Structures are given as C-alpha cells and as structure tokens.
Protein chains: 2
Amino acid sequence: MRVAGLISGTSVDGIDVAVVDIAESIEVVATATVGFPADVRQAILSVSNAATHTAMIARLNFLIGELFAEALESTGVALNTIELIGSHGQTIFHEGEPAEFLGRKIASTLQIGEAAVIAERTGIETIADFRPSDIAAGGKGAPLAPMLDYQLFRHSELPRIALNIGGIANITVIPANARAEDVVAFDTGPGNMVMDAVAPPFDRDGARARGGQLNTALLERLLADPYYQREPPKSCGREQYGDEFIRRTNIDIATATELTARTIALAIGRYPATREVIVSGGGAHNGYLMERLRALVQARVTTSAEFGIGVDAKEAILFAVLAHETFHGRAGNLPSATGARKPMILGKVSRGTSSGSGA
Amino acid sequence: MRVAGLISGTSVDGIDVAVVDIAESIEVVATATVGFPADVRQAILSVSNAATHTAMIARLNFLIGELFAEALESTGVALNTIELIGSHGQTIFHEGEPAEFLGRKIASTLQIGEAAVIAERTGIETIADFRPSDIAAGGKGAPLAPMLDYQLFRHSELPRIALNIGGIANITVIPANARAEDVVAFDTGPGNMVMDAVAPPFDRDGARARGGQLNTALLERLLADPYYQREPPKSCGREQYGDEFIRRTNIDIATATELTARTIALAIGRYPATREVIVSGGGAHNGYLMERLRALVQARVTTSAEFGIGVDAKEAILFAVLAHETFHGRAGNLPSATGARKPMILGKVSRGTSSGSGA
C-alpha cells in the first residue's frame, strides 16, 4: 500500500512529506520539505504563542467532548444499543464566503467538541466535523438540514416546504417527487434573532407582539431591503440582524414579529405550488408567529411534530442521519443548497479503542 | 441502525441529543437537551466572540490544509498511485498532563491543517488528528514515534535504542525480540533546543561547540537536575529548556552541546545491554554532537539512514505508518510510551468525494 505522511513540526520550519510503500517492510518512495510562506509561519507562531486563547480553545474542545458524551448517557438509552454517533459539536467560527487571508481566498468553519473523547467515553464510533468537507468542495458549509428535510418530507404528489425558525429562518423547498438536485434551500431573513433581542430572553408564545402596536412605516421600509427579492441561494446572519440592526432601526416586538412572518411568507410565496409548510425550530413555539404565518401563507402550515420529529430535536436528528449517510459511504450535502461543486461524504470518523464495540 | 445525534447551536443554550432508529423511516427513540454549566457557556461565548484570534485559527486550519496538499503534489509522485494520507498537521497547543480547567482535569492537544481540504484536493482518503485519541484514553498524546521505531528497528537478537534529536531528544528502547508492551520511550532532555538558542539559527556541524570552552562548573550543576535520574516515562519541553533556561544559566554553545550529549548518554546508560543506537532528527547532522555521543555511549552509534530512513524524513514516515495502522483497524499508540490506559485506533478518517479514488 502506498501511503503519504505529512507533518510540520513545532519549530514550524516547513512541511515534511514522505511517500512510502508499506508491505513486509517500509520502502521510501519520495521525501520533500516545503517551507511555509513567511507570513503563514508568522501567523502560526502568533496563535501558538497566544497561549491563553489557544489553550482555552484546546481545553474547551476536550471538555465539550466530555459533556457531549455525558449528554448522550443522560438519555438513559443503553450505549451498547447505539451503533454510531454523529456529533456536530459547537461552532465557534463560521465564514462560508471566502475571505482574503494571507494572499488567498479562504472560507472556513470551526467546530469544537473532541470526537475522540466522545468515541472513547461511549465506546461508539463517532463521526464529527461535517461542515469542513462541504467548504473544501467550494460550498458554504451550510445549510445541511436540506438532506434531512428531503429524506423526511419528500412526497410523491405534495410540493412541500420545510421551514426552520432558529436565530435565522430558512426554508427547504421540496417539489413533488423531487430528486435531491431539485431541492432549493436558503435563509429567508430573521428567525427568532430580532424578536429575542427586543423582548429578551424571548416573547413567550408571542404574547407581547400580539398586544403591541405595529410600526407600519418602519415595516415597509425594512421590507424594501433588496435581500428579500434576491434569487436564492442566499444566506444571512448575525451580521445583518444583530445588535447593529436593533440599534439602527429601534424596532419594537410587534414590528419585529411581523417582519419575521412577512419575510418568511415572501420567500414561501416564490413557490406558489407549495401545499404544506412544515415548521421546526424554537419559533414553532411562538403561537402568535404561527398564527401570522397561517394568515400570510396559502399552504397548510403544520409542525415537524406531526411527522414524529419534535420541533426542538430536528437538528440533533439531522446529525444522526448525516452520520448514517457517511457510514454508508454516501454524500450528505446537497450542492443545490450549499453551493458546493459536488456531493461530499461529510465528516471525520473516530473509531476509538481497537477492541471497542464501535469498531 | 441506531444512531445518536449531538449538537449545540450557536446560541449555546445546551446540548441537544437525539437517538434515532434509521431503517425505511426514521424513528425517534429518545431526545434530551442538557444545559452547559454557566462557566463553560461563558468560555464558549468568549472564544466565539474573540473574532480576530479564533478567525485566525479557523482560517489557518483551512490554509494549512491547502499547503499540505500542495506539498504532497510537489513530490511529483502521481497522486493516483497513493492510496492513503496520514497528516499530523501543525501543533498549535499541547498539554499532555491534565490541567485544572473549569472544575475538571483536562489534558488537550490541538493540531490544525484541515484534513477535509487535503482529501478533497488530492482525492485521497486522509487520516489526521492522531494525538487526541491517545489523550482521550488517558495518555499524553506523545510520543507516537515508538510504534515506528518498534516496526523498523526491532531485532530478534540485538537490543536497540532509537534516538531522535529534535528540539527535545527522546529515545525508544527496544529490547531484543521485544513485544510492543516491552518498549519504553521517554524524553532524555534537550535536543537541538538549547544549542539552537545559543548559536542561532544552528551550530553547523557543531563547529562552534568544538572550538568553544566548556563551563565545567555550570555543566555539573545542570547535570544535577533530578529530571535526569527520574524513572521513565517522563517528558520535558520548551517549559524546561526555553528562553527562561537560557537567561537563567547564561549557557554557551560548548556547554550546551556537552549537556545535550551527556543527558542523552545518561538515559541510554540505563540500558547497558543496548548494542545499537540509531539516530534521527536534525541533531544527526551535528558532527561534533555525534562524535561526543560515540565517545560517551558503549553501543554502536549509527543513523536511521543506514536503514533507508532519512534522518529528516522519519516523522513524516511515522504518520504514513500510523495512518496505515488505522486504515487496517489497528492501534497506533504504545501505552507503555504514552501512558494511555489502552491501545487506541488513532486519528480521524476523511473520505472526501463520494465517487473519489480515495473512497
């Protein structure tokens, strides 16, 4: 078997490469040492020397692995009945659009929650780090939910939309009898992010929005944002709807809730054939928001609970399903949703103990 | 197939768990949400908000992946002849001994150089992140070289020691006809670290040391450090022999070189049956150091080049061999060397494109 080995040592002199043929003995086919560009070496040394912050990330990575393993144990499901774990981990950085970095255009994402710890503590093969593979293929590393939506909600005759209302709201459009490549997914605009910010920690069941006074002028002005008319794929985030948005607009809870409902409805309105909208995410608990959606959308509006998928559990289910795809050597991203050049087998497999049940 | 899914969202509310049975349909077996301890949540938010530093690590991770892939391509070996890559990546933090962290004892290590990028660019299955699995099993995550030393240098009749002189010097003791569990490995003390610091960038062939004046009083005082008498396993690093050591001792190059040779010889002297010492690492290029070792050590002193392993290529070869072990479902760590509770299948497997040659 011909195998390549790659390492850069702690002196950060450069990348040592060896290509070897391994059989009875080890035969070296080629070796090389390739220096780092000076600015890259400098950047590596700077993060290596920033002991406090880098140590915090390294230690958190291992600690979160422990906590994830304990969270699984807390369900009471016997670990020896579980064959595989898919762990998303905790995102601490995500930049799906390439940014200029040391002379290159680099998109990146960083999740922590050490999979080797989860695999060792549970004895179960663990797949983690799902987003980097999609980014490596030119995708944005998100959204990944469309694969689950497609598997769960695809219907031979009913065109459906899966709507997830997290901090940001996003939809997965699943035409009747869709093939994977027919699926479209994008962010519609604010989900709970603006509502939560103006009625912290959150407007329970939308009661405050229901009793509030709508600022029609502000609403019309905000709805004129060209984002809502742009063709998908498109994505938004805290950069658009974070603290700066709240300060600039001085928006109230009634107007925030109406903005959320109207921008979701606008996005769904692009697909007039849609017969059912299936809601998940924390926003599904907001009775007033759901009421507004039902008023604004032509299709029947229901929640994922109708399909046996609790509105709060859907993301965890997603990573179980993505791990299952990877385990079977199948791609987990939908290029039509993430913008990747091609389907990718997502994630990295940690097997743990050589004699463990998970191997 | 029963699969668990784990995620903590960007709002860092807690860990969502779902256990599902996946067959024709997806059946939810259990779900739970487990909150983070307040200090852990705070720490996660602090690294997520420290945009500059965390972004630097995330972007470097992807950039280094690109550079590693390009380094492999630069060897000119046809990528379609390579079946597997083992990438160590770039260590930016390593703390093999557990440290107090948010109320737990946490050992950790952090290598960057995104394997998903290497796998995608080359089309070759890539195994990376070898150290965390050993730490997860209670090991120090180092040294990993003993597995390679054992495979390369084990002899039915000759007791041998593999000596690597990097920044720190370490030995792997391989008794005649050894089983894996008979192998002992530990750091002997300074390698090139002190010599390089006092004769930067390095004392070519030991010329300056050879012409220098030995500070015998200082040497004797330094050799009295109880570290050198301590029973293995033991490890040392930049904490012992870095800038602070240089300032405190005001050591010169002749004394630094003699200290290096004498501490290596002391360690080897613990194993008087040894017949051959096989040197690798940058220190093997230092003719005067090698001369001193030959004078101080009873056994025959040679280099790994005699066995077809270039003294500078050994670490890269190591990660090719460790990837090969993982690929075949075999453990890569030697618990007697790292202190782990058990042998572990090291690393994480990235497969890349679903139709790629590496799958």
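Analyst: In this predicted model, chain A superposes on chain B by a rotation of 180 degrees, with 0.0 Å of shift along the axis and an RMSD of 0.1 Å. The two copies are therefore related as by a two-fold rotation axis. Both copies use the same surface: 99% of the contact residues of chain A recur in chain B.

Now the contact itself. On one side stand 112 residues of chain A, on the other 111 residues of chain B. Helix 2 (residues 51-73) of chain A gives the largest share of the chain A side, 15 residues. By residue class, the chain A side holds 67 nonpolar, 32 polar and 13 charged residues. Strands also pair across the two chains. Strand 1 (residues 2-8) of chain A runs parallel to strand 4 (residues 84-101) of chain B, joined by six bridges. Within this pairing, Ile7(A) has Gly89(B) as its bridge partner.

Next, the sheet in chain A. Five strands form an open sheet in the order 9-8-7-10-11, with mixed pairing. Strand 9 (184-190) and strand 11 (300-303) of chain A are the edges; each has a single partner strand, so one side of each lacks a neighbour in the sheet. On average, neighbouring strands are turned by 25 degrees against each other, direction ignored. Strand 7 (residues 160-165) and strand 10 (residues 276-280) of chain A run parallel and share five bridges. There, Asn164(A) lies opposite Ser280(A). Helix 5 (residues 145-153) of chain A packs on this sheet. Helix 5 touches strands 7, 8, 9 and 10 of chain A, and its direction makes about 45 degrees with that of strand 8 (168-174).

Conventions
Residues are numbered from 1 along each chain as its sequence is written. Chains are lettered from A and ligands numbered from 1 in the order in which they are written. This is a predicted model: local features need pLDDT of at least 70, side-chain atom pairs count only at pLDDT 80 or more; totals for chains, interfaces and linings use all residues. Copies are superposed by least squares on the C-alpha atoms of residues with pLDDT of at least 70 in both. Two residues are in contact if their C-beta atoms, placed from the backbone, lie within 7 Å. Two strands pair if DSSP finds at least two bridges between them. Helices (H or I, at least four residues) and strands (E, at least two) are DSSP runs, numbered from the N terminus. Axes are lines fitted to C-alpha atoms, for helices over the stretch in contact, and angles run from 0 to 180 degrees between N-to-C directions. Ala, Val, Leu, Ile, Met, Phe, Trp, Tyr, Cys and Pro count as nonpolar, Asp, Glu, Lys and Arg as charged, and the others, Gly among them, as polar.
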